[in-house]
Amino acid sequence: MYIDETHIRPYHVLRTTWSEVGRQKQVPTFGHHAHVSLFDAVNVHDGETVLYQAGAANATTFLDFLRVLKERYPDRLIVLVLDNARIHHAKMVREFLREEGRSFHFIYLLPYSPQLNPIERLWKWLKDTVIANVFHKDQNDIAQAIARFVDYIHERPKEVLQRLGCAV
């Protein structure tokens with residue numbers, strides 16, 4: 001599975017959109033940094049995804065995500081392809097892996113190579129769907145929009161594979 005984390009903030013730029021001639025599209029903002037952090041794992045063979053929402057992306061929440069994966073796939077070796085973010089190498093993560101060594105195997109991508117992780121295309125799809133040209137009044141509103149997206153992709157694993165460029 002390929003994994004990564006991202007943040008969904010309410011103040012992203014406008015994307016391509018239609019508007020009346022001479023009237024620029026405006027999306028209000030409320031001026032603070034409410035966000036939702038997401039961890040995701042995607043199986044590039046069947047399009048199955050495991051999303052985990054958190055208040056932040058740090059070593060502690062990354063460990064929580066690993067526990068979710070272990071619970072989802074008990075008694076299986078979970079091979080994860082991931083980037084070299086600091087949280088993936090944290091001391092607490094290394095200690096966890098020593099304890100759970102038979103459950104996980106990490107394969108690290110080359111530094112500064114997000115193009116090698118197909119999950120980046122999932123993040124673009126998510127952001128285009130959830131936040132492009134939309135005003136979210138608060139963190140809960142963002143979380144609800146993300147939940148709708150997650151429900152959508154869980155019902156359409158073949159479309160996930162197509163969007164990731166992994167469909168045959």
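Tutor: In this predicted model, a residue is called buried when its relative accessible area is under 20%, and exposed when that area is over 50%.

Student: Is Ile 146 buried or exposed?
Tutor: Ile 146 sits in helix α4. Its relative accessibility is 0%. The cut-off for burial is under 20%, so Ile 146 counts as buried.

Student: Which elements do the buried residues of α3 pack against?
Tutor: Helix α3 covers residues 119-130 and reaches 16 Å from first to last C-alpha, close to the 16 Å expected for its 12 residues. Its buried residues are Ile 119, Leu 122, Trp 123, Trp 125, Leu 126, Lys 127 and Val 130. These pack against β1 (2-8), β2 (36-42), α4 (139-154) and α5 (157-164).

Student: What is the distance between the closest N and O atoms in the salt bridge of Lys 124 with Asp 128?
Tutor: Both residues lie in helix α3, four residues apart, which is about one turn of the helix. Asp 128 has a relative accessible area of 28% and is partly exposed. The closest N and O atoms of Lys 124 and Asp 128 are 2.7 Å apart.

Student: How many degrees lie between the ring planes of Phe 39 and Phe 65?
Tutor: There are nine aromatic pairs in the model. Phe 39 and Phe 65 make a stacked one, with 5.5 Å from centre to centre. The pair joins distant parts of the chain, since Phe 39 is in strand β2 and Phe 65 in helix α1 (residues 59-72), 26 residues apart. Stacking needs planes under 30 degrees apart, and here the angle is 25 degrees.

Student: Why is the pair of Phe 96 and Phe 104 classed as it is?
Tutor: Phe 96 and Phe 104 are both buried. Their ring centres are 5.8 Å apart and their planes meet at 50 degrees. Planes under 30 degrees apart count as stacked and those over 60 as edge-to-face, so this pair is tilted.

Student: Where do Lys 70 and Glu 100 lie?
Tutor: The model has six salt bridges. Lys 70 and Glu 100 form one of them, their closest N and O atoms being 2.3 Å apart. The bridge ties together parts 30 residues apart in sequence, because Lys 70 is in helix α1 and Glu 100 in the loop between α2 (91-99) and β5 (104-108).

Student: About how many helical turns separate Arg 67 and Asp 64?
Tutor: The side chains of Arg 67 and Asp 64 form a salt bridge of 3.4 Å, N to O. Arg 67 is partly exposed at 42% relative accessible area, and Asp 64 is partly exposed at 26%. The residues are three apart in helix α1, so their separation is about one helical turn.

Student: Which residues make the nonpolar surface patch of about 240 Å²?
Tutor: Val 79, in strand β4 (residues 78-82), is partly exposed at 31% relative accessibility. Patch residues must have over 30%. The patch is made by Leu 77, Val 79 and Ile 107.

Terms used
Residues numbered from 1 in each chain as written. Predicted model: local features only at pLDDT ≥ 70, side-chain atom pairs only at ≥ 80, totals over all residues. Heavy atoms only, no water. Helix = DSSP H or I, 4+ residues; strand = E, 2+ residues; numbered from the N terminus. Expected span 1.5 Å × (residues − 1). Buried < 20%, exposed > 50% of the residue type's maximum accessible area, 1.4 Å probe, protein only. Contact = heavy atoms within 4.5 Å. Patch = residues over 30% accessible without salt bridge, like charges linked within 9 Å, V, L, I, M, F, W, Y side chains within 5 Å. Areas by Shrake-Rupley, 256 points an atom, 1.4 Å probe, with all protein chains shown as cover. Salt bridge = Lys/Arg side-chain N within 4 Å of Asp/Glu carboxyl O. Phe/Tyr/Trp six-rings, centres within 6.5 Å; stacked < 30°, edge-to-face > 60°.
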